[in-house]
Structures are given as structure tokens and as C-alpha cells.
Amino acid sequence: MEQSIFNSRYSWLLLLVLILISFSGSVDAYKNYTVGDSLGWFDKLEKPKINYDKWVADKKFSLGDFLIFNTDNNHSVIQTYNFTTYKSCDYDNALDNDTVQWSSADSSSTSTFPVSMAVPLRKVGTTYFFSSDYDGEQCQNGQHFKINVMYGQGLPRSLRDPSDDDSLAPISPISGDEESVPDTLVPSSFDHPRDVSTDDSPEPSNSISLSIFSQCLGIQLNWISVVFALAFGIC
């Protein structure tokens, strides 16, 4: 009889451990995406093989991800939530709250040197990027892209701003006017990381962390206490 009770408890314990292991797998981690992969962030006049449409096609972007722009001092990195600014390939008349110049061309330099810029994704919705140098010529020749940023896990603490409660992108003055956009589309602190390439990107995890599971139930769970409580209390 005692042996039977012990086996029953052992079976329950093993089952619960397996269940908790399945819940302990974390959701997709924050990711770093290198824009253009090995080709980097340039226009088609400089690198004709660049195809940002193809690069972005199989990627999913979420809050907290980073875009890594590898370029040089002759190209800029402009991020905007404003479709009109994006369409014009010019940010001179853009508002401070919807457009950021992360990197600018250095016209005073007599030599070319590499520039690498990490840009965090901090707003849900459509986000646009382009290079505005040479009166928009680089943008007009393919150095631009747009992406859709999903909520995912939400912003990590390191990127949160009290003024950005909902992490929502501002609504563009002109939205959805896809036919007017330049033809090319391309599209995350280094605390999150690992570069993700087109060839070996892992499939999104369908598992859910124990912490998220416990939050859904409205209680805090300690998986060790759960195992022993259920295994030796219920059995």
C-alpha cells in the first residue's frame, strides 16, 4: 500500500514538473536586426544589389527590438512616424515629436569612415526610415523603408519613457497612401541581443513563461512550491 502511494505521488510529481517546464519557456526575446544584412544601409547608386523589400519581407518587429544601421558618414538615418515627411524624403519641416535624426552626414569630412547606429523600436504601429542627404537623392534611390511594429512583450524598463504610456505611434497626416510612397520598402540596448539574419531566424516560440501565466491568474506562483504542494498535499 505504501509503495503504491509513493508511486502515485512520484507520478504526480513527474507530471507536474513536465507541465511546469512547458510553461517556463520564455516568449520571443528582444532582437537586433542588422538593416540590409551584409550590404548595410546605402542607396542603390552606391550598392545596386540592395533590396530592402526582400530583406524585410520575412521579419516581425516588436517593441524593444533594435535596428542596427551599418553605413558611413555620407549617409544619414532618419526615423519618422509621419507619412508626409517620409514621402517627401525630407525632414526639415518635420515636428520634433514625430521625427528623429539618429545619424547625419558629415559634409565637413574630407574622408569616408564607417558609422554604426543602433535605433530602438519604441512605438507600436508604422515606422518609417530614410536617408535625407543630397536633397533626398539617396532616399529617392532606394534608401528608405517602412515597418510595422507590434507590441510583443512591450518595452523593457531601459527604454521606457513616462510620457509614452501607450507606446503608440502618432497618426500620420496622410496615412495609407501607399501608391505615393517610394517604391522600395525595408524596414532592435544592446541589452537584448543577438543579431537575426534572414537565413537562420528562429521560428517564434509558442510557449509562455510561468510569470506571464501567473499574471493571467492574478497570483504569484513559485513553481517549486506548486510542485510539492500538489504532489504531496493533493495525492
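1. A residue is called buried when its relative accessible area is under 20%, exposed when that area is over 50%, and partly exposed in between. The points below concern a predicted model, and the first two apply this scale.

2. Asp37 belongs to the loop that links β1 (32–34) to α2 (52–56). Its relative accessible area is 25%; because this value falls between the two cut-offs, Asp37 is classed as partly exposed. The backbone of Asp37 deserves a remark as well: phi is positive, at about 50°, although the residue is not a glycine. Most residues other than glycine have a negative phi.

3. Cys89 also has a positive phi without being a glycine, with a value near 60°. Cys89 sits in the loop between α3 (83–88) and β5 (99–103). Is Cys89 buried or exposed? Its relative accessibility is 3%, so Cys89 counts as buried.

4. Turning to the sheet, three strands make up an open arrangement in the order β1-β3-β6, with mixed pairing. The edge positions are taken by β1 and β6 (114–120). Each of these has a single partner strand, and therefore one side of each lacks a neighbour in the sheet. From one strand to the next, the twist averages 25°.

5. Within this sheet, β3 (residues 66–72) pairs with β6 in the antiparallel sense, over seven bridges. Thr71 has Val115 of β6 as its bridge partner. In general, the strands of a sheet pair through backbone hydrogen bonds, in either a parallel or an antiparallel manner.

Note on methods
Residues are numbered from 1 along each chain as its sequence is written. This is a predicted model: local features need pLDDT of at least 70, side-chain atom pairs count only at pLDDT 80 or more; totals for chains, interfaces and linings use all residues. Side-chain values use heavy atoms; hydrogens and water are left out. Helices (H or I, at least four residues) and strands (E, at least two) are DSSP runs, numbered from the N terminus. Buried means under 20% relative accessible area, exposed over 50%, partly exposed in between (1.4 Å probe, protein chains only). Two strands pair if DSSP finds at least two bridges between them. Axes are lines fitted to C-alpha atoms, for helices over the stretch in contact, and angles run from 0 to 180 degrees between N-to-C directions.
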